[in-house]
Amino acid sequence: MRYKNVKISMDLFIKIVRYIYMDNFDLKDEIIKDLQEKLNKLELGEVCTKMHMCKDPVEKEKYRQEFCDLSGIHPDFRW
């Protein structure tokens, strides 16, 4: 399996470098929060791509619902 490259902000990169090389363990919680946000965005992008690439209407609706759930769209505001 080939992995894609992932871009992170310079700020996050510097926090990781400081954590690893300078033993600045105070940054751990911030790094975890930033990485979790990045993972959430990656997951949202993956679901969005699947939703737009899917030909089957039933499967497309499933991905649309999952996209709305991940985006935090309240069920009352969905079509």
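## A quick tour around helix α3

Helix α3 has 15 residues and reaches 21 Å from its first C-alpha to its last, close to the 21 Å expected at 1.5 Å a residue. Keep in mind that this is a predicted model.

- Tyr 63, Arg 64, Phe 67 and Cys 68 are buried in α3. They sit on the same side of the helix, because they cover an arc of only 140° around its axis.
- Here's the handy bit of background: an α-helix has 3.6 residues a turn, so residues three or four places apart point the same way.
- What do the buried residues of α3 pack against? Their partner is α2.

**The nonpolar core**
- Which residues make up the largest nonpolar core? There are five: Val 47, Met 51, Cys 54, Tyr 63 and Phe 67.
- Helices α2 and α3 (57-71) are the elements that give two or more residues to this core.
- In soluble globular proteins, nonpolar side chains tend to be buried together.
- Met 51 touches Tyr 63 and Phe 67, and also Lys 60 and Arg 64, if you skip residues up to four places away in sequence.

**Asp 34 in α2**
- Asp 34 is part of helix α2. Is Asp 34 buried or exposed? Its relative accessible area is 15%, under the 20% cut-off, so Asp 34 counts as buried.
- The side chain of Asp 34 makes a polar contact of 2.9 Å with the side chain of Lys 15.
- Setting aside neighbours within four places in sequence, Asp 34 is in contact with Lys 15 and Leu 12.

**Asp 23 in the loop**
- Asp 23 is found in the loop that runs between α1 (10-21) and α2 (28-53).
- The phi of Asp 23 is near 50°, which is positive even though this residue isn't glycine. For comparison, most residues other than glycine have a negative phi.

**Arg 78 after α3**
- Arg 78 lies in the segment that follows α3. With a relative accessibility of 18%, Arg 78 counts as buried.
- Beyond its neighbours within four places in sequence, Arg 78 is in contact with Gln 65, Cys 68, Asp 69 and Ile 73.
- How far apart are the C-alpha atoms of Arg 78 and Asn 5? They are separated by 33 Å, and the two residues are 73 apart along the chain.

Conventions:
Residues are numbered from 1 along each chain as its sequence is written. This is a predicted model: local features need pLDDT of at least 70, side-chain atom pairs count only at pLDDT 80 or more; totals for chains, interfaces and linings use all residues. Side-chain values use heavy atoms; hydrogens and water are left out. Helices (H or I, at least four residues) and strands (E, at least two) are DSSP runs, numbered from the N terminus. Buried means under 20% relative accessible area, exposed over 50%, partly exposed in between (1.4 Å probe, protein chains only). A polar contact is a pair of N or O atoms within 3.5 Å; within protein, one must be able to donate a hydrogen and the other to accept it, and residues adjacent in sequence count only if both atoms are side-chain atoms. Contact means heavy atoms within 4.5 Å. A nonpolar core is a set of buried Ala, Val, Leu, Ile, Met, Phe, Trp, Tyr and Cys residues joined through side-chain atoms within 4.5 Å. The expected span of a helix is 1.5 Å times one less than its number of residues. The arc is that of the directions from the helix axis to the C-beta atoms.
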